[in-house]
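Good morning, and thank you for making time for this item. I shall take the structure one region after another; please keep the display in view as I speak.

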Amino acid sequence: MNKYTHRKTVISAIIICVCCIYIIRLFYMQVIDDSFQMKAMMNSQRVVTQYPARGLIYDRNGKLLVENQPAYDLMVLPRQVKAFDTTELIQILGIEKETLIRNLEKCRRYSLYKTSVLISQITANKYAILQEKLYKYPGFFMQTRTLRKYNVSHSADVFGYIGEVNQAQIDRDSSYAPGDYIGVSGLEKTYENVLKGTKGKQILLVDNYNRIKGSYKDGAYDQPAVVGQNLTTTLDIDLQEYAYRLMQNKRGGIIAIEPSTGEILLKVSSPGYDPQLMIGLERGKNYRQLSIDPNKPLLDRTVSGAYPPGSTFKTLQALYGLKTGVITPASCFECYGKSKTPIGGIRMGCHNHQSPLNLYQAIQQSCNPYFVNVWRRILEDDKYHDVRKAYIHWRDFICSCGLGSKICPDFSNEINGSIPEPAIFDRKFRTQDWRWSYIMSLSIGQGELELTPLQIANMGCVLANRGYYVTPHIVRPTEGMNNRVEKHIVDCDRKYFDIVVEGMSMAATGGTARGASIDSVQICGKTGTAQNPHGEDHSIFMAFAPKDHPKIVIAIYIENGGFGAQYAVPIGGLIMEKYLKGTISPRKKAIEERMLNSSLIEPIQKKSGTSQTETPAD
Amino acid sequence: MNRQSELLKNIDWLSILLYTVLVFMGWLNIYAAVYDESHSSILDIGQRYGKQLMWIGAAFVLAIFILLTDSKFFTAFSLPIYGCVIALLAAVLVLGVESHGARSWFEVGGIRIQPAEFGKFATCLAIANVMSRHGFKIMRLSSLLTLGILLVIPVGLIILQNDTGSALVYSSFIFVMYREGLHGSLLLLCFISIAIFIFTLLYPPMAILSVIIGGSLIAFLYYRQNKQEFYRIVIFLIGCFLFFWFLKWLLELEIDLDKLLLYSYLLTCLLGIYFIYKRKMKHIMLVLLASWVCIGASIGVDYAFDKLQAHQKDRINNLLGIETDLSGAGYNVNQSKIAIGSGGLFGKGFLQGTQTKYNFVPEQSTDFIFCTIGEEWGFIGSTVVIGLFLAFILRIIYLAERQRSDFSRIYGYGVASILFFHVAINIGMTIGLAPVIGIPLPFFSYGGSSLWAFTILIFIFLRLDANRLQLFS
């Protein structure tokens, strides 16, 4: 057989050849191509996000307002999902089969290799059942999350709510992932970075059945979650609760501020809604229902509602008149009461009172013709020779009182209000040479003038402090938060403030604001009645108490409440009394009762079925 | 005493060293593959590495026993041994227990023995016996027939056990036959059929047919060196095809275009045979024959593939990249590739492979043991293992060539071929280069039967080798 000996070379060559091919292939797979390392990691490592508990929210007295409650998300890793018993799963979860399939498809499209939320916010009860059966569903697991829990059923406008992040937010901030929660409104939004805390992660090793086999490198790469920082608000929740009760079945807003510090004690937007409605699986439905409610519970009237301040504005007009010297406290003007008083070519109506009045009495009685005269003197001031220039000066002063622009950074939904720029009148009257009488309504806080209840309260603070206001705020500044609280000085002599305050004090004792009086406390107030072309006038009240070293400034705006004295004054009086004395004196129990029970809107229960017959009043 | 010192002197210690190294590397990797923090004692009989240690001990005893046996025993009793193993293969069909869909194990006192593993050395002995006889001429039909029968019996029985993988191992004897004088073109034909097999499944029949016909036309041109004849044939072929196409259109026949091409080629060939016969053109005849064998193989593959079991189809499809269902049939290979690929240059370290530790690769201690090597020892480790196998196989070929007796040489080539087939297919399937046909990696895969069978296979040869000088003295 020696003639075939050479064939050993052929055979050896084939064998060597195959071995070389294998080694080259191994070199390619193991050394050049690094995708396998990734895949092996994806197989065996499961990164579990550790969600931090969101910071809690307290009131000024340390009462817990907003806390957290556990909720459970069913997560899915689409790559590991095998055929499973859908019937059982949907039975446990209590959802439609279509929902399950649709969500699963969505997760699959997002990523085959990343876990995403399949069904969120499962109740603890269902979680317990599901956890036991989960071994039957490879690729599915549970994740514990925290949801908000509210200890009050009002003030949703203060807290705001949280919702899942959208794609734009994820693109902006990479620390968010789909399914994460983010503050959508209110304090939750403004203080998102403080409340959210820092997410942690845990890298676990899992086997082929997705069973946890321990932590990767003994947790060397794990990061614990850092709990969010707590917020202490300046709200007095008891007062808040009381105010909400007084405001039930009424539309409007109330703001109370501690004038020396700028702390917001009270912030009521009525009708409000239960913050609990904005969590859980029903959230979408509840939100839709609230958004079609004709009483607009989603509108935060205290900072997003712009209203004419009405006669409360007369206090600032008086102050400016005194400051510029166009009037003195002794200046008197005639008033013909209900038969309209002629002033420089126009006529102004008023209610009947004695005449003529000096400045104190004019504030006390809220005399319209008096302030029209003041307005005329302000704008026709010889110093400026020009109505427009005089107006600009006036406007600067008004704006320096914190009106016409956003003043409270705690609320992202705050609006500017409007102290009209002269350009607006230029356009309206098609000339820069307009006369004072064209904008006569501004003298009594009407016309183009619009303020938020917060700004009206701030105006009260300027008066109460006799010359300054502190940035209104609802969260006490603490370290790590950059909410700046500053003192803003209004350029006006204190003696002028004392004169205006005296007028307001007289209004509360023997004038329009009598109904707010509190035993043994001297209060100062100014009512307002804003004319409303669409229906009943708005009832307004701005007040502070006590007269010296005031502790509370309050602004109340009640839509369609009629005269200031009808609703705003008694409610303001009750709230101030409650805050200053803790209880309501028996003398005022009857008023309290009337306020609690009166209704200015159709009962809410009727809203869904009869919405067609009910046209909004404003 | 004299005989034993003779044995110690003449035995090939290098082979024994390679064997021992491979066996212990194998054991280390089985330990890693089934390693679990809760059972880390190496002598735990309840665990596979504990059992494997027992099998290894038994294998050593077996090896010594074989070395002490007179080498004439194996030459003289090769056919009776073959007969006994065949009997066992037949018996297991009746008395065996079923596992993984294959009825190929005897169970004796909790220990399972797989006779198919022992079929290899027995067949090897029988073939060596038959081929070394005087009067055996490999190109003679009667000789080939005898060889065929020796192979068909165990292969048939193993296929009946539903263990196609083990049956395929017997195809490795083609190397032995080639070494002993089988015409080289037959070996080539073997590789061509494998190529046809793959291409038939990958490409449409029209393309395959065109390539075969094109190939045969080029071969014709090469042998005849006559362009005129070549053009005439091509024109005739195309004419036929167009004519058939016209008929198909005219009669609205439901017939595929590739069939039309096939018939055109058939017609051309039939016409050609007349001229070939007349002019005695031997080469052209061979070309024609080869092209028809190829066509036949291609049709046969299509037909046979339809008959395969679903899981085998899946595995083949998967290997060829036709289906990419990574959670189904492709799961094993995909996970295996991930394990090996993630090993990198130096590997993740002993007992550190995540794919291995957390059981992502099924059958890891048996058929997919190479994953553990690839993952934990990296490219360096894999290359060392392949290198050791290569050295061992080449060493056996070297030893076979130095034999004075035909029997020993043929047996040696059988050993090398079987080893090579196992190594090539097993490692190939873990890196996605060979179909998953479930045969063990020699010395590495867990299992007593496989280890003992390879030990017997190799040590009989080493015993024969140790005795080589005494044969003519």
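This is a predicted model: local features need pLDDT of at least 70, side-chain atom pairs count only at pLDDT 80 or more; totals for chains, interfaces and linings use all residues.

I begin with helix 18 of chain B, residues 369-401. A straight helix of 33 residues would span 48 Å at 1.5 Å a residue, yet the end C-alpha atoms of helix 18 are only 32 Å apart. Where does helix 18 of chain B bend? The bend lies at B:Gly378 and amounts to about 130°.

Let me turn next to the contact between the two chains. On the side of chain B, 49 residues are in contact with chain A, and on the side of chain A the number is 33. Together the chains bury about 3,700 Å², with 72% of that area on carbon and sulfur atoms. Which residues of chain B lose the most area to chain A? They are B:Tyr178, B:Tyr358 and B:Phe379, which together supply 17% of what the chain B side buries. Between chain B and chain A the count of salt bridges is zero.

I move now to chain A, and to strand 11, residues 252-258. Is this strand enclosed or open to the outside? Seven of its seven residues are buried, so strand 11 of chain A is largely enclosed by the rest of the structure. In a regular strand, side chains alternate between the two faces of the sheet. In strand 11 of chain A, A:Gly252, A:Ile254, A:Ala256 and A:Glu258 point one way, while A:Gly253, A:Ile255 and A:Ile257 point the other way. The residues of both sets are buried, A:Glu258 included.

Which strands does strand 11 of chain A pair with? One partner is strand 12 of chain A, residues 263-270, joined in the antiparallel sense over seven bridges. Within that pairing, A:Ile254 has A:Val268 as its bridge partner. The hairpin of strands 11 and 12 of chain A has four residues between the strands, and A:Gly262 there takes a positive phi near 80°. Another partner is strand 19 of chain A, residues 552-558, which runs antiparallel to strand 11 and is joined to it by six bridges. Here A:Gly253 stands opposite A:Tyr557 of strand 19.

Finally, I come to cis peptide bonds in chain A. One joins A:Ser355 and A:Pro356, with omega about -5°; A:Pro356 lies in the loop between strand 14 (346-348) and helix 14 (359-365). Another runs from A:Ala545 to A:Pro546, with omega near -10°. A:Pro546 belongs to the loop between strand 18 (538-545) and strand 19 of chain A. Thank you for your attention.

Key. Residues are numbered from 1 along each chain as its sequence is written. Chains are lettered from A and ligands numbered from 1 in the order in which they are written. Side-chain values use heavy atoms; hydrogens and water are left out. Helices (H or I, at least four residues) and strands (E, at least two) are DSSP runs, numbered from the N terminus. The expected span of a helix is 1.5 Å times one less than its number of residues. The bend at a residue is the angle between axes fitted to the seven residues ending there and the seven starting there. Buried means under 20% relative accessible area, exposed over 50%, partly exposed in between (1.4 Å probe, protein chains only). Two strands pair if DSSP finds at least two bridges between them. Contact means heavy atoms within 4.5 Å. Buried area is the accessible area (1.4 Å probe) that two parts lose on being put together, summed over both. A salt bridge is a side-chain nitrogen of Lys or Arg within 4 Å of a carboxyl oxygen of Asp or Glu.
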